[in-house]
Amino acid sequence: VAERLAARAAEIEELRATLESARQQNKHLASDLSAVNTERETLAEQQKQDQGVLEQDRQQLSAQNAALKTDADVLQSEVRKLRAQCEQLGAEKRVDSAAAMQLVTVQDEYTALQRRHGHIAGELEQRQLELEQHRQQLADSHQSEKEAKTYAEQASSNYRSLQQG
């Protein structure tokens with residue numbers, strides 16, 4: 001009986017050691033579970049924030065897409081206008097050929113007018129030089145008159161001085 005009790009006591013001691021080991025493992029697992037739960041909550045919060053950012057980005061992209069579609073519509077309208085203008089320019093080009101011929105004639109007339117203008121400008125410059133010379137002569141003549149008048153007044157004054165003296 002004692003052997004059985006001793007075996008039983010050894011078995012109980014072994015079970016206690018196993019139970020204590022299980023408790024320690026349970027504590028570690030509970031700590032790990034708590035860390036996992038905390039991480040999961042952090043990730044859930046981060047996911048909510050990311051969802052908010054993604055929703056803002058989606059709204060911005062949606063607005064940008066709408067703006068791009070509007071721009072594309074405007075550009076298509078401009079392309080249609082430009083095509084119509086190109087067709088019109090093709091018709092105008094044929095008219096421009098006739099106008100180019102007229103332009104050559106006008107340019108020839110303009111060249112002739114420029115030559116005539118150069119000739120007239122030369123004559124005008126010559127006459128201005130002559131006019132300036134005539135003005136200078138008049139100014140010189142006027143100066144000579146002044147000097148003569150001053151000389152005459154001085155002589156008259158000297159003559160009166162002599163008579164009185």
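Analyst: Start with the word helix. Helices (H or I, at least four residues) and strands (E, at least two) are DSSP runs, numbered from the N terminus. The protein has one helix and zero strands. That helix is α1, residues 2-164.

This is a predicted model, in which local features need pLDDT of at least 70 and side-chain atom pairs count only at pLDDT 80 or more, while totals for chains, interfaces and linings use all residues. Residues are numbered from 1 along each chain as its sequence is written, and side-chain values use heavy atoms, with hydrogens and water left out.

Now the bridges. A salt bridge is a side-chain nitrogen of Lys or Arg within 4 Å of a carboxyl oxygen of Asp or Glu. The count by this rule is seven.

Next, how open are they? Arg-16 is exposed, at 52%. Glu-13 is partly exposed, at 46%.

The next pair is Glu-55 and Arg-58. Their side chains form a salt bridge with an N to O distance of 2.6 Å. Both residues sit in helix α1, three residues apart, which is about one turn of the helix. Glu-55 is partly exposed, with a relative accessible area of 32%. Arg-58 is partly exposed too, at 48%.

Then come Lys-69 and Asp-73. Their closest N and O atoms are 3.5 Å apart, and the pair forms a salt bridge. Here the spacing is four residues in helix α1, so the two are again separated by about one helical turn. Lys-69 is exposed, at 53%. Asp-73 is partly exposed, at 37%.

Leu-68 also lies in helix α1. Its relative accessibility is 54%, so Leu-68 counts as exposed. From Leu-68 to Ser-157 there are 89 residues in sequence and 103 Å in space, C-alpha to C-alpha.

Step back to the whole protein. Of its 165 residues, 0% count as buried. The C-alpha trace spans about 190 × 80 × 20 Å along the principal axes. The radius of gyration (taken over C-alpha atoms) can be set against a globule rule of 2.2 Å times the number of residues to the power 0.38. A compact globule of 165 residues would have a value near 15 Å, but the protein has 59 Å.

Last, the charges. Lys and Arg count as positive, Asp and Glu as negative; His and the chain ends are not counted. Each charge is placed at NZ of Lys, CZ of Arg, CG of Asp or CD of Glu. There are 21 positive and 28 negative side chains, and the centres of the two sets lie 4 Å apart.

Terms used:
Buried means under 20% relative accessible area, exposed over 50%, partly exposed in between (1.4 Å probe, protein chains only).
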